[in-house]
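Please study the sequence and the structure before working through each solution.

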Amino acid sequence: MYSEVLSSTSIRRIAEGGLCLDFEELSENRILRWEEIMTKSRSGSVTEVEVCRSRKELETQLNTMREQLDTVTGQLNRTKVDLGTVTGQLESTQDDLQTITGELESTQDDLQTITSRLNQTEDELQKTKVNLRAETIRSNRTEDELQR
């Protein structure tokens with residue numbers, strides 16, 4: 001960042017020199033230096049790259065980054081396919097769970113009905129036992145009376 005408007009000649013030199021330009025020639029007008037920015041704290045994903053490399057080095061780095069991008073893209077696509085598969089399995093499991101839950105509720109209703117009938121049968125059995133005892137006692141009395 002410069003403190004005054006640069007001349008067309010200075011701008012042309014910057015454009016032609018790119019990031020590899022020796023900016024010290026323009027230092028008297030600079031108010032913010034790249035070196036100062038580089039000393040500030042950073043956050044997030046910061047990757048430092050050399051900017052004054054040969055074209056071949058830059059192409060090699062670009063190709064490496066493209067390969068990394070292709071690898072990550074492939075992994076992302078496989079993950080997307082896996083997600084689709086797992087989502088389908090989840091939906092199927094949820095359907096199975098709903099079916100089983102319905103069957104469980106039906107079985108619980110059946111169990112409650114059977115339990116109620118069993119309780120009624122046990123009550124009837126108790127009454128029958130009481131009646132049987134009473135009849136046995138009466139029968140024994142009658143037998144005793146007959147024996148006398």
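**Exercise 1.** Determine how many salt bridges a search of the whole structure finds, and describe the side chains that take part.

*Solution.* Step 1: the search of the whole structure finds one salt bridge, defined as a side-chain nitrogen of Lys or Arg within 4 Å of a carboxyl oxygen of Asp or Glu. Step 2: the partners are Arg138 and Glu135, whose side chains meet at 2.9 Å, N to O. Step 3: Arg138 and Glu135 lie about one helical turn apart, because they are three residues apart in helix α3. Step 4: Arg138 is partly exposed at a relative accessible area of 47%, and Glu135 is partly exposed at 41% (buried means under 20%, exposed over 50%, partly exposed in between; 1.4 Å probe, protein chains only).

The model is predicted; local features need pLDDT of at least 70, side-chain atom pairs count only at pLDDT 80 or more, and totals for chains, interfaces and linings use all residues. Residues are numbered from 1 along each chain as its sequence is written, and side-chain values use heavy atoms, leaving out hydrogens and water.

**Exercise 2.** State which secondary-structure pattern the protein follows along its sequence.

*Solution.* Step 1: there are three helices and zero strands (DSSP runs numbered from the N terminus: helices are H or I, at least four residues; strands are E, at least two). Step 2: the pattern is therefore written α-α-α.

**Exercise 3.** Identify where confidence is lowest and where it is highest.

*Solution.* Step 1: the mean pLDDT (the predictor's confidence in each residue, from 0 to 100) is 86 for the protein. Step 2: confidence is lowest in helix α2 (residues 34-38), with a mean of 72, and highest in helix α3 (residues 55-147), at 95.
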